[in-house]
Amino acid sequence: MERARTVTVRPGSVVALSGGVGGAKLALGLHRVLDNGKLTVICNTGDDFRHLGLHICPDIDTILYTLSGLADPDRGWGRHDETWNFMEALKDLGGETWFRIGDRDLATHIERTQRLEHGEPLSVATDHFRRRLGISTHIVPMSDDPVRTQLLSEAGWLDFQDYFVRQRCNPVVREIAFAGAEKSEPAPGVVSALNDPQLQAVVICPSNPLISIEPILAVPGIRKALKGCSVPLIGVSPIIGGRAIRGPADKLMRELSFGSSAAAVAQRYADLIDAWVVDKVDADTPVPSGVKKVVTSTMMVSMEDREKLARDVLDAAQQMSFKPISATKATDVSA
Ligand code: FO1
């Protein structure tokens, strides 16, 4: 994907934690304003599942497609250049069609499944895809081990995609679990990115805290590495004026009695974040003690919005860096 003409080149590296759609918007902004190869995106894999014999990784694929310019901007998942012959043929045969897989997207799932079945770890398959798609940003699954998000509804425990896609987030949720998280190890590339001496900032993207970011934080080695980080950890609120821009974050937070506000999300990350970025409409939101509040526009409609928010986040990190940032000259290449 072509870069913006005017970019802020920063020599240090940045790590972003992200789920799918909302997080991917800021990940794209960071990808575009940072120098090539300086960003690592750690992706949620709690949504991954096996379906029609295929290993499907929705959030990894959303990041791959978004950073390569292949994403469908309206749907928020899958590719923009899609056709649906496979789904139609499957429907004619009476197959399962509640989870829609486009013809081109199908290639991703088939190739990934083949690689995993030949013993390739998910992190290696993901890195192969990002290179083939020409993406300079490192894209790393949170773990190569299976961690699966499950939600307790009145009808019992539901697998994530059953709840999210098949039941359209309708069931009332009482509890969320990340099966396998306790025993999982961070994927290769996660801890090394967080321990990189050139690391300047860690960004929690505006993804759903409960089902996109908390699965990542549930991997014990990731939480430990984040706690040991000596750079600013900046979270960006996915809630604007009490509402999630997309998806069920606000509904889930109300059902689990956390309240749906930018302040409530900050509280979930209170032991990790140094700064909390909120939208102007939430300028008065309280933040946990010791956390700096950054107020800006967090609504990302245009590419300019994504890049502006990315710059605001990086500027906040730079201003509060605990390390001397002598290696961090912000240079406007248009000058
Ligand atoms: N989301 C839907 O709402 N409906 C679908 O049919 C659907 C298909 C799909 C196929 C591949 C893929 O990578 C993602 C897909 N998603 C679909 C999105 C996905 O299930 C969720 O958005 C994420 O898991 C939440 O981050």
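This is a predicted model: local features need pLDDT of at least 70, side-chain atom pairs count only at pLDDT 80 or more; totals for chains, interfaces and linings use all residues.
**Notebook: ligand shell and a salt bridge**

Started with the ligand, and helix 6 turns out to give the most to the shell around it, with four residues.

Next I checked which helices supply at least two shell residues each: helix 2 (58-67) and helix 6 (160-166) do.

I then listed who surrounds the ligand. The residues are Asp47, Pro58, Asp59, Trp77, Trp98, Phe99, Arg100, Asp105, Phe160, Gln161, Phe164 and Val165. Sorted by class, I get seven nonpolar, four charged and one polar residue in that shell.

Which side chains put an N or O atom 2.7 Å from an oxygen atom of the ligand? I found Asp47, through a polar side-chain atom, and Gln161, through an N or O atom of its side chain. On the ligand's nitrogen side, I noted one of its nitrogen atoms 3.2 Å from an N or O atom in the Trp77 side chain. I also looked up how covered the ligand is: taken alone it exposes 530 Å², and the protein buries 88% of that.

Where does the ligand sit? I checked the pockets, and the ligand is in the largest one.

Last entry, salt bridges. I count 17 in the structure. I picked out the one between Glu117 and Arg50, whose closest N and O atoms are 2.8 Å apart. This pair links distant parts of the chain, as Glu117 belongs to helix 4 (residues 103-117) and Arg50 to strand 4 (residues 49-51), 67 residues apart.

Methods. Residues are numbered from 1 along each chain as its sequence is written. Side-chain values use heavy atoms; hydrogens and water are left out. A residue is near a molecule or strand if one of its heavy atoms lies within 4 Å of it. A polar contact is a pair of N or O atoms within 3.5 Å; within protein, one must be able to donate a hydrogen and the other to accept it, and residues adjacent in sequence count only if both atoms are side-chain atoms. Accessible areas come from the Shrake-Rupley method with a 1.4 Å probe; for residues, only the protein chains shown count as cover. On a 1 Å grid over the protein atoms alone, a cavity is a set of points where a 1.4 Å probe fits but cannot get out, and a pocket is an open set with protein on both sides within 12 Å along at least five of seven lines; lining residues have an atom within 4 Å of a point. A molecule sits in a cavity or pocket if more than half of its atoms lie within 2 Å of its grid points. Ala, Val, Leu, Ile, Met, Phe, Trp, Tyr, Cys and Pro count as nonpolar, Asp, Glu, Lys and Arg as charged, and the others, Gly among them, as polar. A salt bridge is a side-chain nitrogen of Lys or Arg within 4 Å of a carboxyl oxygen of Asp or Glu.
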